[in-house]
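Please look through the structure shown here before reading on. The briefing below is meant to be read with it open beside you.

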Amino acid sequence: MNTTNVSSQALSTEAPTQTAMPADHVHPDSLKGISRRQTNPARWNGEGWDVFVGALRAKNVEVREKKQTCRVYATDSGGLAYGMPHGVTLAVSAEQISTILKEAQTHRVPVTVKGGGLTTEGESVAFGGLQLDMRGMNRVISVDGKNMTVRTQAGIHWHTLAEVLRRDGLDYLSAPLNLTASVGGTLAVGGIDINSPRLGCSADQAVSLQVVTPTGEIRECSESVDPELFERVLLGYGQFGVITEAVMRVRKFTPITMHYFYYGSLRDALEDLQLLVREDAADYCGILTILDKAINLLVAFDSDERERVFFEKWRNRIRGHGEPAFALRMARYYCLRPWRIGEALYLLGRKRALEPAFNPSQYMENGKIVDRAVVFGNQVWKFWGGKQMVIPDLAVSAGKYVEAIERGNAVCKKYFPRYTLYCTGIKLSGRRERYELSCIPPDAVDFAYGCEFEPILGDTVYSREYLQAFKNEIYDIGVDMKTSYYRFGGMMKGYVRRVFGDEPVDKHLAMKRADDPAMILNPDVIF
Amino acid sequence: MTETGTELFNDKIKSGYENCTGCGVCMLTCPVWRQTRDIMLTTCGRTRALQNGDGPQDLRDSLTACVLCGSCGPVCPAGVDTVGLTTELRMELAEKTGPAPACHAPNVVHGKASGKVFFPGSAMRKDDRLLRRALRLLEPDGAGLYEDAEISDMAGKMEAGIRPDPEWFKDFVSSMAGAAEIIAADGFLHRHLRQWLPGVRVTGLGETLLRRPDIKKALKATDLYMIEARGYHADYGRLVNFYDRMRLETGCRLNTSLQRTAIPTGAANRQNRPGPVRVDAEEQARWILDKRKTDRVVAEAVEDMKIFKKMPGIEVIHVAELVN
């Protein structure tokens, strides 16, 4: 096992000072004068907890306070932020959550909501107060095959939703690659898949929501009913209510055909990805790399007709190679650079491991992959998962994409010997209020583009400061280029004001204060 | 090597929990999770608790809730031996809380097994007609019935967390020296038999019968074929392809999930320790049947047949009843 400590070159040259972080973490000066390092928020002091719990128990709300239970909720998928709730409640109904939030407002007890817990910056970690585990609300309520919608409890995992929909031959539109994410958590932050270039982010498939507001009102909202709340809660980072139920559009389930094109140049691959996204040339597309050497543009199709048109019209316009041609190029490249044999072997080994894992025979039928979301979701955990998930990202408008990703790639190279980039596009659904202060960059038109920068940590133990410094450098690109991020809450919330500017942040802060007077719902995520 | 001196379970098995990343993929296939939505009652909750320093006594409810179907094992990206872990923790729990009950076997001299032997398991032994039918199908292929009552008893106790008596274990292993293949209807035994008798081929009853062309031919596209979950997950890497081929060849449906694990009813669970949570086998059967148009359930496990017979309007048969 290797241990890498913070390197002085890797960390910012700003000298650490004793300046305390301002109480308001999104204050304009929140990151000035302090070292480039985020830390866990202070734990809530527990004042009023017993009375709060007593009030809940009097109303038949179960609160688990055993240490064994609370400890299981100590961190999120990121594994860098650690906290401990005072107690945990398993969500069972909107009425129960309403009771909890009303009492929380009265007793000023923070309530932190957890779905799949796939946050990476501690957004779903409770630093004291009550942890509300939404996974208790994990059932599909009804499937409407005629109107092609599903109504589901919001704590459901995407995988479970898919499992139920599949019995009707249906599928959701778009979900994150990771199927242990919850529907509610995803709608609150965005949700990107390789079909997002065509179908948008997961949040855009919501037709209506049932929401419990921070003051405990249970409200239904949609584009026509209470649209303000609807727009505020979607991509709202859990600041304006708890999503308890969602009605979402669904589609017919189809096995898909996949093709891979290989690039040696990141720029070429990114430009071609943008071409395919812009021209709606594929049903699914994205880039997955091994370092910046083996760059794989993946395209997939729901129908033979779409596949045929792609090969007729678009294949010759993209520069990617088939596997044999690319293998030859790589062989030539490394023959001329024998001192890089280690890298060549790594690429070969990784390819050999990944290829069968992404094409398991039990998921293949007539040359098509069935349940590709399950295959991808599982392999994401197997090949990129770990106790620490370090995945800083950038979400940018079309014109800034190539530069932003090339700069991010250079940061990855500087910090880690092994890493992956995962890039795709996101179709926008017009100009929506929900996009303000969200993963959709303010200057994006029609499409946004994103990239996750994921180091392969392996058995090497990196210090938290080292990983944080890496993330900071990626996030600094966003500040410099005025982009956005898929994830900007939790430990990274100091970036919110820097990247978005004062106006939208002040506007949202005022809305938050009005909707959540005691500021108890999901504290430390954004506000 | 454990305190009992047997090599049934060892520290390597238990140490797997350290690798858990908390991804929660195991919960997606867990029948306990499906019915309770409570992470504390799942493998994921148990491994996280162990990582936090908790012990089996802190996990009593969780350990008793598990039906040991094993569906969490094949999907775990960290490769945690989930069934081994839970079994071992149950044994530790029994040792810490109960009267340290080693499973004393009666003074029975085992018959010497040779060639291909069939362990019908306790549920099938109680159904003489079905047992004879299965034997008629197995005997032409050279398999002989083995008096396995004692082994079934041992399996039940092990499932409840009682370690086998080392003396009995030694006797059993030596009595199996001549066996080339064991066909075991009780899927719980598969992983243990493979561990104890590394040179012996261990297969399930369903798999063995499905290798007969007449059985496979008798399956209809409208059948729902119920794979016995424990044996399937104990040899998932091989059997997932076996059953998938069978599905493609016959057109029948399987009780598999999106993860290609077998959805269990949990009816074979023999854990008899009291606990607050029990998987409702009928609820599992309703979920398996939900929106799956089928007029016949073909089950590998006798325990599953009993549950599906409670479902209205569906014919239920054992795989051994597919041909006369």
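What follows is a short briefing, grouped by topic.

This is a predicted model, in which local features need pLDDT of at least 70 and side-chain atom pairs count only at pLDDT 80 or more, while totals for chains, interfaces and linings use all residues. Residues are numbered from 1 along each chain as its sequence is written, and chains are lettered from A and ligands numbered from 1 in the order in which they are written.

**Confidence**
- The model has an ipTM of 0.91 and a pTM of 0.92.
- Over residues 1-9 of chain B, however, pLDDT stays under 50, and the model has 16 contacts beyond four places in sequence for them; two residues are in contact if their C-beta atoms, placed from the backbone, lie within 7 Å.

**Where the chains meet**
- The contact between the chains takes 27 residues from chain B and 28 residues from chain A.
- On the side of chain B that touches chain A, the elements giving two or more residues are α3 (43-51) and α15 (236-250) of chain B; helices (H or I, at least four residues) and strands (E, at least two) are DSSP runs, numbered from the N terminus.

**A sheet in chain B**
- Four strands of chain B form an open sheet with parallel pairing, in the order β2-β1-β3-β4, where two strands pair if DSSP finds at least two bridges between them.
- Because β2 (143-145) and β4 (201-204) of chain B stand at the edges with a single partner strand each, one side of each is left without a neighbour in the sheet.
- Strand β1 (residues 114-119) of chain B pairs with strand β3 (residues 178-184) of chain B in the parallel sense over six bridges, and B:Gly115 stands opposite B:Ala179 in β3(B).

**Positive phi values in chain A**
- Just after α3(A), A:Arg108 takes a positive phi of about 55°.
- A:Asn366, which is not a glycine, has a positive phi of about 50° and is placed in the loop between β14 (364-365) and β15 (368-369) of chain A.
- A:Asn366 is exposed, with 8 other C-beta atoms within 10 Å; a residue is buried if 20 or more other C-beta atoms lie within 10 Å of its own, exposed if 12 or fewer, and partly exposed in between, with C-beta atoms placed from the backbone.
- A:Leu437, in the loop between β17 (419-427) and β18 (447-455) of chain A, has a positive phi near 55°, and A:Leu437 is buried, with 24 other C-beta atoms within 10 Å.

Definitions and conventions: pLDDT = per-residue confidence, 0-100.
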